[in-house]
Amino acid sequence: MAEVRRVISVLVENESSVLSRVSGLFAGRGYNIEALTVAPIPETNRSRITIVTKGSERIIEQITKQLHKLVPVYKVVEHEEMVEKEMVLVKFPIEESLADIQALCGAYNGGIVNVGVDMFIGMVADEPCRVKHFIEASGRYNPIEIVRGGVVAIER
């Protein structure tokens, strides 16, 4: 069976140990988490956990069913039509072309977010595959450090 990439959004009670129970479910069954993002939902006592994983349709279905059984999970959304965004910060040496890197960042919904004495930092927020392409393209400018954030997603 072919592996598919899926984004699973889990709404949970915002309390201690919830994240360890969710990630433990994956680890205990040998499923890999490719990306994980957690943030509180404004004006509620809940959080959204966004998980990117891969597996067969059967495995994804099994993961979703197991997540529904966890307490305190309120809702699990596993949907093929999610709007996804990811952020990346890249630190470049000051000797590189600021204008070229600014143009590159702009092509991927980003820009220069900080300039220091010996470096500057570019930021991009785009679809995960485009973030990957940005990282590949930025390689020619000798990045010092790359910090990639997790995926956030919302159902269409």
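In this predicted model, helix α3, which spans residues 98-107, and helix α4, which spans residues 128-138, have axes that come within 10 Å and cross at roughly 165 degrees. Because angles over 145 degrees count as roughly antiparallel, α3 and α4 are therefore described as roughly antiparallel to each other, and the crossing of the two helices is right-handed. On the side of α3 the contact is made by Leu104, Cys105 and Ala107, while α4 contributes Arg130, Phe134, Ala137 and Ser138. Sorted by class, the residues in this contact of α3 with α4 comprise five nonpolar, one polar and one charged.

The side chain of Arg6 makes a polar contact with the side chain of Glu57, at 3.4 Å. When residues up to four places away in sequence are not counted, Arg6 touches Ile51, Val52, Thr53, Glu57, Ile60, Glu78 and Glu80.

Helix α2, formed by residues 57-69, holds Glu61. The relative accessibility of Glu61 is 46%, and this residue therefore counts as partly exposed, the class that lies between the limits of 20% for buried and 50% for exposed. Between Glu61 and Gln102 the separation is 41 residues in sequence, and their C-alpha atoms are 42 Å apart in space.

Notes. Residues numbered from 1 in each chain as written. Predicted model: local features only at pLDDT ≥ 70, side-chain atom pairs only at ≥ 80, totals over all residues. Heavy atoms only, no water. Axes fitted to C-alpha atoms, helices over the stretch in contact; angles between N-to-C directions. Helix = DSSP H or I, 4+ residues; strand = E, 2+ residues; numbered from the N terminus. Parallel < 35°, antiparallel > 145°, perpendicular 65-115°, else oblique. Left-handed = near helix turned anticlockwise from the far one by under 90°. Contact = heavy atoms within 4.5 Å. Nonpolar A, V, L, I, M, F, W, Y, C, P; charged D, E, K, R; others polar. Polar contact = N/O pair within 3.5 Å; in protein donor to acceptor, adjacent residues only side chain to side chain. Buried < 20%, exposed > 50% of the residue type's maximum accessible area, 1.4 Å probe, protein only.
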